[in-house]
Amino acid sequence: MTTDVTEFVMSHPLFSHHDHHNSPLFFEERRAELGFRDLLGYAEADLVTAAGPQRAGCAEDATGSDRWVATHWPPIRTTGYGRAVNLACRELFGVDYEPENFSRITDALASVIEGKTAAAVYDYFVRKKANNRWVLQDGHFRPGNEAAVESEAYPDYYRFAWRMDDLLSIYDSGPIAVLEQATNQEILSLDDLVRAMNSNIDTFKAGGKLASLKVGIAYQRDLVVGDPTRHEAELVFNRIRSRKFFYDGVQQNTAAAGAREARPLADYLFHSLLKRANDDDLPVQIHTGYLAGNWGSLGGTKALHLIPLFEKYRRVRFDIFHASWPWTSELGAVAKNYPNVYPDLCWAWTMNPSESERALSEWLDGVPYNKIFGYGADTGWPWCNVGYSIQARRGIARVLEEKIAAGHFSRATAREVAAAIMLKNGEAFYGL
Ligand SMILES: [Zn+2]
């Protein structure tokens with residue numbers, strides 16, 4: 001049995017804590033070729049999983065071809081990723097995402113975007129169809145992208161997170177060269193490097209739309225962060241700068257070995273970034289848990305590894321992503337213990353809807369609800385937010401109805417919780 005709380009949740013606006021919406025420029029480049037394949041989002045990875053181990057040259061259909069999608073679609077319709085695709089398709093175009101409808105879907109998408117500017121297209125899907133009130137956009141504020149900050153081309157409810165993962169997993173001079181180019185300053189010392197990082201953040205901050213710092217290094221390294229001395233970091237910096245060691249050095253190492261040896265510098269820079277967050281009271285978003293795609297190295301990604309940072313930077317506010325799935329209970333305990341940790345269900349609803357419900361239910365029993373962030377789509381195309389929003393709303397509604405049925409929450413309390421975790425907590429945290 002459901003109450004009016006379900007209706008309240010299904011029509012309540014959402015704060016998308018995390019998205020990677022392609023730039024309006026890229027949208028224009030792709031506009032003519034967009035089609036049913038672009039509804040898949042993360043489901044591409046489940047297609048690869050469903051296809052199983054493939055030997056080069058043995059596949060009947062080329063991996064990634066339209067026929068390959070049609071072949072491997074049926075067994076992924078049941079996963080969270082697959083269901084999100086179908087939910088969006090039904091909501092937007094009134095048909096199921098099935099091979100016999102693929103060309104219809106392509107035509108329907110084309111007719112929706114026809115004659116609209118990129119901003120109008122984004123607005124149509126994000127605001128009108130997904131009812132997302134705020135979008136926190138990743139990957140746009142980064143060194144080298146200063147000229148392309150056409151953030152004004154995104155709708156005005158977009159805010160941005162500064163990100164430079166290569167710096168926090170540095171093992172060669174690549175990131176140094178990128179920052180030299182971006183800041184137009186030579187980087188000859190460790191201090192110069194930290195200064196350049198901060199000056200690049202300043203550049204993006206000046207536009208008034210910088211909401212957060214983002215750390216996505218779980219894709220490149222484990223989240224075990226040491227606390228090296230300045231001297232230890234400097235030794236590594238000097239060796240990289242003089243190209244004596246590491247990956248691009250005279251003595252060629254493997255990238256992995258280089259990354260291990262360079263860890264004191266990478267960790268020092270992570271601490272430098274957190275000091276910046278502390279100085280400016282800038283929130284820090286950190287990817288924890290499951291990794292997008294296939295074959296990702298999951299072992300080092302759990303939020304538990306970050307405890308020494310939560311301990312040390314007690315005034316920094318951490319938005320901890322993806323429920324740290326599959327370590328959601330651990331993140332709940334961390335969030336209960338550390339007043340500076342905010343657990344975030346962004347992207348989790350589609351990775352695993354039922355585990356996300358279980359996580360939210362547990363967190364509500366352990367963590368004050370003003371600390372929980374209920375949603376982020378984390379998608380490349382704005383129309384994907386539609387399916388992910390439905391998944392999140394349905395999950396949130398079900399959890400709250402269960403709390404009501406068990407006698408733990410009144411309906412008024414459930415509405416209060418919904419409004420907080422869906423929107424208000426994010427607005428308060430990011431000052432919007
Ligand atoms: Zn992401």
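Asn131 lies in the loop between helix 7 (118-129) and strand 2 (132-141), where helices (H or I, at least four residues) and strands (E, at least two) are DSSP runs, numbered from the N terminus. The model is a predicted one, in which local features need pLDDT of at least 70, side-chain atom pairs count only at pLDDT 80 or more, and totals for chains, interfaces and linings use all residues. Residue numbers start from 1 along each chain as its sequence is written.

Although Asn131 is not a glycine, its phi is positive, at about 55°. Asn131 counts as partly exposed because it has 17 C-beta neighbours inside 10 Å; a residue is buried if 20 or more other C-beta atoms lie within 10 Å of its own, exposed if 12 or fewer, and partly exposed in between, with C-beta atoms placed from the backbone. A positive phi, of about 60°, also occurs at Asn184, again not a glycine. Asn184 is found in the loop between helix 9 (174-183) and helix 10 (190-205), and it counts as exposed because 8 C-beta neighbours lie inside 10 Å. Another backbone feature is the cis peptide bond that joins Trp325 and Pro326, with omega of about 10°. Pro326 is in the loop between strand 6 (318-320) and helix 15 (328-337). Most residues other than glycine have a negative phi, and most peptide bonds are trans.

Asp165 belongs to helix 8 (residues 165-168). With 18 other C-beta atoms within 10 Å, Asp165 is partly exposed. Leaving aside neighbours within four places in sequence, Asp165 is in contact with Gly216, Ile217, Tyr219 and Gln220, contact meaning that the C-beta atoms of two residues, placed from the backbone, lie within 7 Å. Asp165 and Arg221 are 56 residues apart in sequence, and their C-alpha atoms are 9.9 Å apart in space.

Helix 18 takes part in two helix pairs. With helix 17 (residues 353-366), helix 18 (residues 384-405) packs at an angle of about 45°, the axes being 9 Å apart. Axes are lines fitted to C-alpha atoms, for helices over the stretch in contact, and angles run from 0 to 180 degrees between N-to-C directions. The angle makes helix 17 oblique to helix 18: angles under 35 degrees count as roughly parallel, over 145 as roughly antiparallel, 65 to 115 as roughly perpendicular and the rest as oblique. Helix 17 contributes Pro353, Ser356, Glu357, Leu360, Ser361 and Leu364 to the contact, and helix 18 contributes Gln391, Gly395, Ile396, Arg398, Val399, Glu402 and Lys403. Arg398 and Ser361 are 37 residues apart in sequence and 9.6 Å apart in space, C-alpha to C-alpha. Arg398 is partly exposed, with 18 other C-beta atoms within 10 Å.

Helix 18 and helix 19 (residues 411-430) pack at an angle of about 150°, with axes 10 Å apart, which makes helix 18 roughly antiparallel to helix 19. Here Ile396, Leu400, Lys403 and Ile404 of helix 18 meet Arg411, Ala414, Val417, Ala418, Ile421 and Met422 of helix 19.

The largest nonpolar core has 127 residues, of which Leu39, Ala88, Leu265, Leu269, Ile396, Leu400 and Ala418 touch the most other members. Such a core is a set of buried Ala, Val, Leu, Ile, Met, Phe, Trp, Tyr and Cys residues joined through C-beta atoms within 7 Å. Leu269 touches Leu167, Leu168 and Ile170, not counting residues up to four places away in sequence.
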